[in-house]
Amino acid sequence: MLEFVPFNKIDSGQWDDFCLISDDAWFRHSSAGIKFCLGADSLNENLSFGIFENNKLLAVMAIVKQLIAGEKDLYEFAMTGTPTPGPAFNNELSEKQKNKILAAIFKEVDKIARDRNVAYSKFFIDPLSAGFLDKPNNYNPFLKLGCNDISLTTNIVDLSLTEEELFKKIRDTYQDEIKSAAGSGLSVIFFDKDNIDAKVFEIYKNIYFSAAGREVGNVSRWNATFQLIKQGNAVLALEKNKDGESVGGVIFFTYKNNAHYASGATIPDFKKKRGIGHLSQWEIIKYLKVHNFGHYELGWNFYPVISDKVHSQKEINISLFKSGFGGKVLPLFRGEKFFSAEYLRKKKAALTDEYIRSYL
């Protein structure tokens with residue numbers, strides 16, 4: 001008989017050892033990933049659980065309750081700005097066993113949603129998990145679980161290629177931008193758990209605030225991000241001009257042997273500097289290759305359609321930029337589930353209005 005055990009009743013070492021081995025798990029499944037989401041907002045609630053049978057851990061479900069952005073009393077399951085990852089399974093399970101447990105997990109998720117006043121959730125298969133990269137799914141597993149299909153695509157660079165091959169795969173115009181930026185004296189310095197400090201991290205925060213035109217993000221989220229770097233689950237890349245001034249930066253998550261672009265910003269006065277963002281991405285790719293990483297996910301591709309969100313032209317342009325660095329375009333399977341009829345009507349009506357304003 002399956003037993004559902006809350007996260008706080010499972011030894012964190014057992015949880016993380018399971019995630020390190022499971023082919024379905026990546027950073028967001030780990031205790032560090034969950035704690036990062038909790039640290040982003042003190043109101044977030046950890047409702048993650050493990051599934052045991054005969055004292056054997058068969059699967060883990062990382063799930064966090066948080067306020068829906070822009071709402072006062074409506075909640076969703078999400079990992080800050082990312083959907084909830086699908087469950088990670090014990091590698092020894094057969095497909096038949098996984099499907100049985102998957103159905104039981106989502107039945108439990110439905111129950112938690114009802115008990116915790118959760119109106120909505122998005123789920124996704126993490127494309128950086130070994131199981132997906134080794135054998136990409138050819139269908140969306142969330143459809144059979146009562147979810148609407150909100151799938152996208154994502155860009156993942158295969159770092160097993162030589163540096164020469166990687167550069168050739170970059171968009172031709174971007175190659176020229178990279179060469180121009182390097183020739184003008186721009187350079188990139190990396191800060192990880194061994195050399196990061198509060199002063200350096202503050203530099204990146206100020207760049208981010210300058211780019212946004214105001215202070216964004218709460219103190220808890222910034223502290224949680226800093227802790228991720230100190231713990232070895234993220235790296236900061238600072239871009240400097242020829243005078244040594246920091247003019248841009250990127251933070252990327254690292255887990256197992258893969259990496260994911262998390263955030264980036266450039267001081268407004270330097271945004272028009274030729275190749276400034278292109279060089280940082282190329283230097284990150286080289287850094288990851290030297291440090292024996294296998295894949296780098298630059299970001300998801302957004303389109304002018306009605307999905308879980310109507311993406312702005314700015315968001316579409318950003319995803320177009322990220323698609324130019326030689327990454328292979330892979331499916332990003334996602335599903336959304338509504339637990340509230342009222343919120344379903346409200347969200348779909350708002351999306352329709354936004355799409356009409358933006359594209360019709």
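Thr82 lies in the loop between strand 6 (75-77) and strand 7 (84-85). Helices here are DSSP runs of H or I with at least four residues, strands are runs of E with at least two, and both are numbered from the N terminus. The model is predicted, so local features need pLDDT of at least 70 and side-chain atom pairs count only at pLDDT 80 or more, while totals for chains, interfaces and linings use all residues. Residues are numbered from 1 along each chain as its sequence is written, and side-chain values use heavy atoms, with hydrogens and water left out.

Thr82 counts as buried because its relative accessibility is 17%. Buried means under 20% relative accessible area, exposed means over 50%, and partly exposed lies in between (1.4 Å probe, protein chains only). Leaving aside neighbours within four places in sequence, Thr82 is in contact with Arg28, Phe124 and Trp300. Contact means heavy atoms within 4.5 Å. Thr80 is found in the loop between strand 6 and strand 7. Thr80 is buried, with a relative accessible area of 15%. The phi of Thr80 is positive, about 55°, although Thr80 is not a glycine. Most residues other than glycine have a negative phi. Asn117 also is not a glycine and has a positive phi, of about 60°. Asn117 sits in the loop between helix 3 (95-115) and strand 9 (118-124).

The chain contains eleven helices and 18 strands. Its radius of gyration is 21 Å, which agrees with the value near 21 Å for a compact globule of 360 residues. That radius is taken over C-alpha atoms, and the globule rule is 2.2 Å times the number of residues to the power 0.38. Along the principal axes, the C-alpha atoms fill a box of roughly 65 × 45 × 40 Å. Of the 360 residues, 51% count as buried. Among contacts between residues at least 6 apart in sequence, 73% join residues at least 24 apart.

Helix 2 (residues 31-40) is mostly covered, with seven of its ten residues buried. These are Ser31, Ala32, Gly33, Ile34, Phe36, Cys37 and Ala40. Their cover includes helix 1, strand 2 (45-46), strand 5 (64-67), helix 8 (219-231) and strand 14 (246-255). Helix 2 packs with helix 8 at an angle of about 155°, with the axes 7 Å apart. Axes are lines fitted to C-alpha atoms, for helices over the stretch in contact, and angles run from 0 to 180 degrees between N-to-C directions. Helix 2 and helix 8 are therefore roughly antiparallel. Angles under 35 degrees count as roughly parallel, over 145 as roughly antiparallel, 65 to 115 as roughly perpendicular and the rest as oblique. Ala32, Phe36, Gly39 and Ala40 of helix 2 meet Ser220, Arg221, Ala224, Thr225, Leu228 and Gln231 of helix 8. By class, this contact has five nonpolar, four polar and one charged residues. Ala, Val, Leu, Ile, Met, Phe, Trp, Tyr, Cys and Pro count as nonpolar, Asp, Glu, Lys and Arg as charged, and the others, Gly among them, as polar.

Helix 6 (residues 172-183) packs with helix 9 (residues 276-290) at about 95°, with the axes 8 Å apart. Helix 6 is thus roughly perpendicular to helix 9. Helix 6 contributes Tyr174, Glu177, Ile178, Ala181 and Ala182, and helix 9 contributes Ile276, His278, Leu279 and Trp282. Seven nonpolar, one polar and one charged residues make up this contact.
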